[in-house]
Amino acid sequence: MAVTTLYSVLLSSMLLSACGSSSDAGQQAANANKASSANHDHSQHTASGDLQETTASLEILPVFLEGASKDIRTAYQTAATVADVLPYIPCYCGCGESAGHKNNLNCFIAELKDDGSVVWDDHGTRCGVCLEIAVTSAAMKAAGIETSRIRQIIDETYKEGYAKPTLTQLPPA
C-alpha cells in the first residue's frame with residue numbers, strides 16, 4: 001500500500017500542475033481543425049462539447065494533443081496502455097452526467113474499434129481529476145495490483161469531495 005500511495009502522490013502532483021487552461025484548450029481545438037492525414041480523420045465535437053478524433057491505432061495520438069503539455073500527452077499515452085483496466089474504473093469529475101461517460105477511459109478514449117482504430121476524446125485535456133485517476137490506476141497496475149483492488153482504492157479515495165462517479169461496471173470476478 002505504501003508503494004501505491006507513493007505512486008499516487010508523485011503522479012497526482014505532476015498531473016495536477018499540468019491541467020490545461022482554457023487558452024490551451026482553444027489552441028488544441030485550433031490544431032485539431034487543421035488535422036488531415038492518412039492516420040487521422042477530421043475531428044468533431046460531441047453534444048457535450050468534447051472534441052473527438054479518430055486515429056488508426058492506440059500508438060497514434062490525436063492532433064488535438066499537439067498543443068498540450070508533455071504531461072497531458074503522457075497521460076493520454078498512459079491511458080492507452082491501461083485500456084483494459086480503465087473501463088472498470090469510475091471517473092469522479094462529473095463527466096457521467098455532463099458528457100455521458102461510463103468510466104475513466106471515456107475521458108480519453110470514446111471508442112476502441114474492431115479494426116484497431118481509436119476515437120479519442122479531449123475531455124481529459126481539461127480535467128485534473130480524470131488525469132489523476134488514469135495515471136494513478138496505471139501506476140497501480142504497473143505495481144501488480146489487480147483491477148478489482150484498483151477500483152476499490154479509487155472508489156475509496158474519491159468517495160468524498162468529488163462529483164458523483166460514472167456508472168461503471170465492476171471488473172470481472
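This is a predicted model: local features need pLDDT of at least 70, side-chain atom pairs count only at pLDDT 80 or more; totals for chains, interfaces and linings use all residues.
## The whole protein

Local features here need pLDDT of at least 70 and side-chain atom pairs count only at pLDDT 80 or more, while totals for chains, interfaces and linings use all residues. Residues are numbered from 1 along each chain as its sequence is written, and side-chain values use heavy atoms, leaving out hydrogens and water.

The protein has 6 helices and 4 strands, counted as DSSP runs (H or I, at least four residues, for helices; E, at least two, for strands) and numbered from the N terminus. Along the sequence they follow the pattern α-α-β-β-α-α-β-β-α-α. Of the 173 residues, 49% are buried, meaning under 20% relative accessible area with a 1.4 Å probe, protein chains only.

## Helix H6

H6 covers residues 147-158, and its 12 residues should span 16 Å at 1.5 Å a residue (1.5 Å times one less than the number of residues). Its end C-alpha atoms are 16 Å apart, which agrees.

Which residues of H6 are buried? They are Ile150, Arg151, Ile153, Ile154 and Tyr158. Seen down the helix axis, these buried residues fall within an arc of 165°, so they line one face of H6; the arc is taken from the directions from the axis to the C-beta atoms.

## Thr166

Thr166 lies in the segment after H6 and counts as buried because its relative accessibility is 4%. Beyond its neighbours within four places in sequence, Thr166 is in contact (heavy atoms within 4.5 Å) with residues including Pro90, Cys95 and His101. The Thr166 side chain also reaches the backbone oxygen of Lys102 at 3.4 Å.

Technical notes:
Buried means under 20% relative accessible area, exposed over 50%, partly exposed in between (1.4 Å probe, protein chains only). A polar contact is a pair of N or O atoms within 3.5 Å; within protein, one must be able to donate a hydrogen and the other to accept it, and residues adjacent in sequence count only if both atoms are side-chain atoms.
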